[in-house]
Amino acid sequence: MGTAYFNGKLLPKDEIKISPDDRGFLFADGIYEVVRWYEGFFYDMSSHMTRLKRSLRELRINWPEADSFPIFAYDLIKLNKLENQPAMVYLQVTRGAARRSHSFPSPEVPPTVYACAWGFVPDSQLKETGIKVMLKEDIRWSRCDIKSVALLPNTMSFQEAHENGLKECIFVRNGFITEGSHSNIFFVIDGTLFTHPESNHVLSGITRKNIIRIAEDSGIKIREEALQENRIRLIQEVFITNTSAEVTPVTELGGNTLGEGVPGPVTRFIRDKFDNEIKALKG
Ligand code: PDD
């Protein structure tokens, strides 16, 4: 089970008790973050902290100790003996436990804070061969910019992809491609990189932000513009990004084979740049 963090303490996971009245349980009234440990450092922890604080602010969840996250995240890596392997740290903060009511607890109750860590083996094969993904109407709410734990539309859609042998579900809202169930998406058209602009319809991914920086630094033209689904035939390359899968090429989108059906040159260039940045950070 390992060691987890719960409300200020590091303790065996199986000793954690969460109230059935917790608003995370009753209303999915909470937010989360996922950070990646690379055998020696957390990638871009400062951006994760900025997004964490923004999510808390947007939902008006008061967690005064938010700045302690990088410290106990590292404690979790050490205590679970994950220092020398790829690992993830998951953090969840809910509005706390109170008798069920749609209004926020008054007086305010302390938030419930839980974090855990796990090691994993990255799927380097998929980053090499690419993946096939499906397209589906975006059935989520209109505040996808908040990293809320209310992920039922995401899990339902991802499950549909999974049951069809596909690796991600990409959402389409009002005819425009937004993002994946747990990833952002980029397109290459005639050498220019496109991705949906930051908005209430997408999560502002930390990997997305860093890929935009890497592309700009490499002289690749980038346009933060939403792409219409009916322009798929113009697309030569697609890749998705997130904290765990980094840059993963897409070879088939909604049944349409992209380019030659193998990861294209711009995608491979960006994937390699990202991998080299990680290598350099490892030192
Ligand atoms: N998900 N969009 C959505 C809807 C996401 O859930 C995620 C990440 C991203 C990419 O964000 P980032 O680059 O910061 O990981 C975009 C995480 C990995 C998850 O839910 O497990």
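A residue counts as buried when its relative accessible area is under 20%. By that cut-off C169 is buried, because its relative accessibility is 0%. The model described here is predicted.

**Ligand site**
- The ligand is surrounded by 19 residues. The closest are Y32, R51, E179, T207 and T243.
- E179 places a polar side-chain atom 2.6 Å from a nitrogen atom of the ligand.
- T207 has a polar side-chain atom 2.6 Å from an oxygen atom of the ligand.
- The side chain of T243 has an N or O atom 2.6 Å from an oxygen atom of the ligand.
- On its own the ligand has 470 Å² of accessible area, and the protein covers 89% of this.

- Strand 7 spans residues 168-173. Six of its six residues are buried, so the strand is mostly covered by the under 20% cut-off.
- In a regular strand, side chains alternate between the two faces of the sheet.
- One side of strand 7 carries E168, I170 and V172, and the other carries C169, F171 and R173. Both faces are covered, as the residues on each side are all buried.
- Strand 6 and strand 7 run parallel and are joined by five bridges.
- K136 has F171 of strand 7 as its bridge partner.

**Cysteines**
- A disulfide is a covalent bond that links the sulfur atoms of two cysteines.
- The structure holds zero disulfides.
- The cut-off for a disulfide is within 2.5 Å.
- C116 counts as buried because its relative accessibility is 7%.

**D145**
- D145 sits in the loop between strand 6 (131-137) and helix 5 (152-163).
- Is D145 buried or exposed? D145 counts as buried, because its relative accessibility is 10%.
- The D145 side chain makes a polar contact with the side chain of R54 at 2.9 Å. It also makes a polar contact with the side chain of R143, at 2.9 Å.
- Which residues does D145 contact, leaving aside its neighbours within four places in sequence? They are R54, S199, N200, V202 and L203.

Notes. Residues numbered from 1 in each chain as written. Predicted model: local features only at pLDDT ≥ 70, side-chain atom pairs only at ≥ 80, totals over all residues. Heavy atoms only, no water. Helix = DSSP H or I, 4+ residues; strand = E, 2+ residues; numbered from the N terminus. Buried < 20%, exposed > 50% of the residue type's maximum accessible area, 1.4 Å probe, protein only. Polar contact = N/O pair within 3.5 Å; in protein donor to acceptor, adjacent residues only side chain to side chain. Contact = heavy atoms within 4.5 Å. Near = heavy atom within 4 Å. Areas by Shrake-Rupley, 256 points an atom, 1.4 Å probe, with all protein chains shown as cover. Pairing = 2+ DSSP bridges.
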